[in-house]
Amino acid sequence: MSDQTKHPVELSKLCAREALTDQLIRAGADSRPSLQELLPGGVYGVFDFLPAGISLFLGLVSSEQIAMNPERILADLVPVPIPAPVHENTPLEVVKGRLESEHLAALAVVNDHADFIGAVTQTSLLNALLNREQELLAEARRSYADLPTNRRQSASWPEQLKSLSLATRSLLRIMNTITLERHLLESSLEYLTRLLSARYGAIGILDEHGQLTEFIHTGLSEEQAQHIGKWPEGKGLLGVPLVQNQILRLENLNESPHAAGFPPGHPPMRNLLAVSISHAGQIYGRLYLCDKTDGRFFDGDDELLVATFADTLALAIRNVWNQEGRRRAEEQLRIAASVFETSSEGVIITDAKANIVMVNRALTTITGYSEDEVIGRKPSMFSSGRHDQDFYREMWRSLDETGQWQGEIWNKRKSGEIYPEWLSITALKDDRQDVTRYIGVFADLTSRKFTDSLINQLVSYDHLTELPNRLMFREHLKRAILRAHSHGKQAALLYLDVDRFKTINDTFGHQIGDRLLQQVAERLTKCLRENDRIRRGDIIARLSGDEFAMIVNGLSQLEDVKKIALRVLETFTDPFLLGDRTRRITATIGIALGPRDAENIDDLIRHADLAMYDAKHQGRNTYQFYSGKIHKKNSTRLDLENDLYGALERREFSLYHQPQVDLRNGRIVSTEALIRWHHPDRGMISPDQFVPLLEDTGLINPVGEWVLEQACRDCLHFRKTLGTDLSVSVNLSGHQFRNNLTKEIGRILAHVGLPPSQLKLELTESLAMHQVQETIAVLDQLADMGIDVLIDDFGTGYSSLSYLRQFKISALKIDKSFIAGPCLETGNGEIVRAIIGLAHNLNLHVVAEGVESHEQLEFLLGHHCHLGQGYLFSRPLPPSEITQLVGWRMDHGSRPN
């Protein structure tokens, strides 16, 4: 056997077991790998894992198939019927033929016992051949090296190269697949470069328009490759093989006038061998090799090998283009056939004489006729009889003149049922403009009309409560205003909000919240009924979340609206069922009348919304009519809210201090820090006006931090100036209490240098009882820091005595509403005595705020109240005036001059 035939024969002896892919993943039939888990080029072996350790092989699925169908399990992706597996000893030539002819991504391989042992893919097959090529190359080099020196010149090394070129040709023929695998081109180029002992090598692949699409190189490090700004496009030196379609072999590039065609950054080269990749006049790219590592020049034998390589590669690319074209055509045919057969619309094809030649599955489903019953007949068999001759005459006139007709038509099913359909007919013509086919496509409008009705339901109604939604509500409100204009009456818009719905939703969950909204809708609907009927034009709508709206028409006087509002509030008095328990829920209503309050729907909605929020500020569970005062108040509120942004940076805030006096000796022992806002245009703004705005906007956090730090600075100033142990008391908001309070206070005390014992914090009773366990934890941390906490406004909320005993607090502060009144009215007096007694029993101090008369002071002293605060002693004062008071003894409220 000659060297020329030895290598290809050995290549043909490769079999399936030597080409098994290492990218096989075994998986269960019901598995569904995620896109992130997919291995490019991977193959999944799908098994049905049975009891007793038995696994049944079902087939192979590629990663590409899974990526196209991510929602389907592997069992659904296994091809049916399953391609027959190949035996492990099957030659690779046979395996390759099956992969190509059956368009398979992989073939299963079995042993003599028919057990699945793996899979072969195009990539694994090529890798097996490439490995064999490398083995043969190494063997040839060893054989040549073993020859005596005197025999090497006569050993016909070129013949061995020719044999290796045949092996390379075998490798490239395998590449006649639908795509050119880049890694195969890289492997082939590396193989060729080593074979010719070249330092650099490159392949440039062009597309069908002559543009460079792939540039594959070898012999360059990544660092060297990054220094090359732009890959050679064949416009300089390499344009010779492309334009002239000939071999270019240069021994010294520096002597060539075209050498400058190589891009900047390319490593220096001395000699070059370049050929075009072409066939039958079509150029597919170019191939070049540079600089032999042994210092020799490229010779004719090298040309032969490179030209053979390039010629075979050109054939491979041409076949790829041809196969890609055939694949696209076949794919288009498959898509067209699939669309025709799976379309939900009926398709009917006739010949030029209107005889039916083809129908799809949808037509038989819609009409009830089988395919055999309609083929050869005319479409008039579906006629319903509802259309006259003029209708069909106009149809044929349009087809003759324009080649098209479409419209709604009534046809008849096999059952005799008459149904509407939307029909489009197109006339197909040949090159002579003669009609060859008529194609009719129609959709059954029966279901579409039902769908339109369903869509209208979805568009116009809230799916949860089945009430009209915002879109439908606006249409009804527009009509209500027009109707009120024409009849000289009023249409009332009642804007309703469920109080504290978010708390219910967050506490009990969205499912309970949804059930509450459904119960609210049911009760509101009953409120509009008169004699179990809702008057024409009156509606209840759900606008969003927990917001509802009622439209009541034909009102002559406000009393009629008030009755409806009271009826709504009354229906909320009965408890609602939330899960397995009942809860009392309230609502707040804003009312606007059209056209009295507004003549367009947007203004009327806005005014009702303003009235509702005004009612909420009044305490909820009530109703409020819109008025100009509400608009003005809301406008002022918005202006103040806007002005609050940046007020801290503009230094418009200041602190005033109100003394707290020890009633036993008349000495000032502490002050309460109270924030004031000096508005540049409006003057001094009451805290009652802007503190709620700070809460709503979230500005309470930075402003609260400033108050804490400034109060500590003032207290330190008092101590240094007056030499007293005066402490300062600061009110806390709910936002501050829940946002790293102890950490922030620790930072401020350390920064200012104030002892923790001189800072007192006031916490409202309602805030303390909001989240008891969280409150206990924070109070424990503050106590560990040495900071006293007072419960402010005590008596106005609801306190659990068991929790109160767990709170680490130092004092209770009686709300000023209980101190007010001449000599503490009987009811208030009892409450104050009870609070003082409770504090004594808990070993807590008592602070009474709002002390304004000597009678009140005597009452407090008589019941052993510790501290007092109020106008009897001093109004809130700026820090400079506080220093004038401290040190004076206040005998029973006698204020110093």
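Start with the whole chain as a surface. The accessible surface of the protein chain comes to about 46300 Å², and 49% of that belongs to carbon and sulfur atoms. Accessible areas come from the Shrake-Rupley method with a 1.4 Å probe, and for residues only the protein chains shown count as cover. This is a predicted model, in which local features need pLDDT of at least 70 and side-chain atom pairs count only at pLDDT 80 or more, while totals for chains, interfaces and linings use all residues. Residues are numbered from 1 along each chain as its sequence is written, and side-chain values use heavy atoms, with hydrogens and water left out.

Switch to cartoon. The protein chain has 32 helices and 34 strands. Both are DSSP runs numbered from the N terminus: helices are H or I with at least four residues, strands are E with at least two. Of the 897 residues, 46% are buried (under 20% relative accessible area with a 1.4 Å probe, protein chains only; exposed is over 50%, partly exposed in between). Among contacts (heavy atoms within 4.5 Å) between residues at least 6 apart in sequence, 60% join residues at least 24 apart.

**Stop 1: the sheet around β17**

Select residues 490-498, strand β17. Eight of its nine residues are buried, so β17 is largely enclosed by the rest of the structure. β21 (residues 547-555) pairs with β17 in the antiparallel sense over seven bridges. Find Leu-496: it stands opposite Phe-548 in β21. β24 (residues 587-594) is also antiparallel to β17, joined by eight bridges. Here Leu-494 stands opposite Ile-591.

Arg-542 has Phe-548 in β21 as its bridge partner.

**Stop 2: the cores**

A nonpolar core is a set of buried Ala, Val, Leu, Ile, Met, Phe, Trp, Tyr and Cys residues joined through side-chain atoms within 4.5 Å. The largest has 74 residues; Ile-745, Leu-759, Leu-761, Leu-782, Ile-809 and Leu-860 have the most contacts inside it. Helix α23 (residues 700-722) gives the largest share, nine residues. Another core lies apart, with 35 residues, including Val-498, Ala-521, Leu-524 and Ile-564.

**Stop 3: Ile-745**

Centre on Ile-745, in helix α25 (residues 741-752). Ile-745 is buried, at a relative accessible area of 1%. Beyond four places in sequence, its contacts are Leu-708, Leu-759, Leu-761, Leu-782, Met-785 and Ile-787. Ile-787 is 42 residues away in sequence, with 9.8 Å between the C-alpha atoms.

Finish on Leu-759. Leaving aside neighbours within four places in sequence, Leu-759 is in contact with Cys-712, Val-728, Val-730, Ile-745, Leu-749, Ile-787 and Asp-788.

Note on methods:
Two strands pair if DSSP finds at least two bridges between them.
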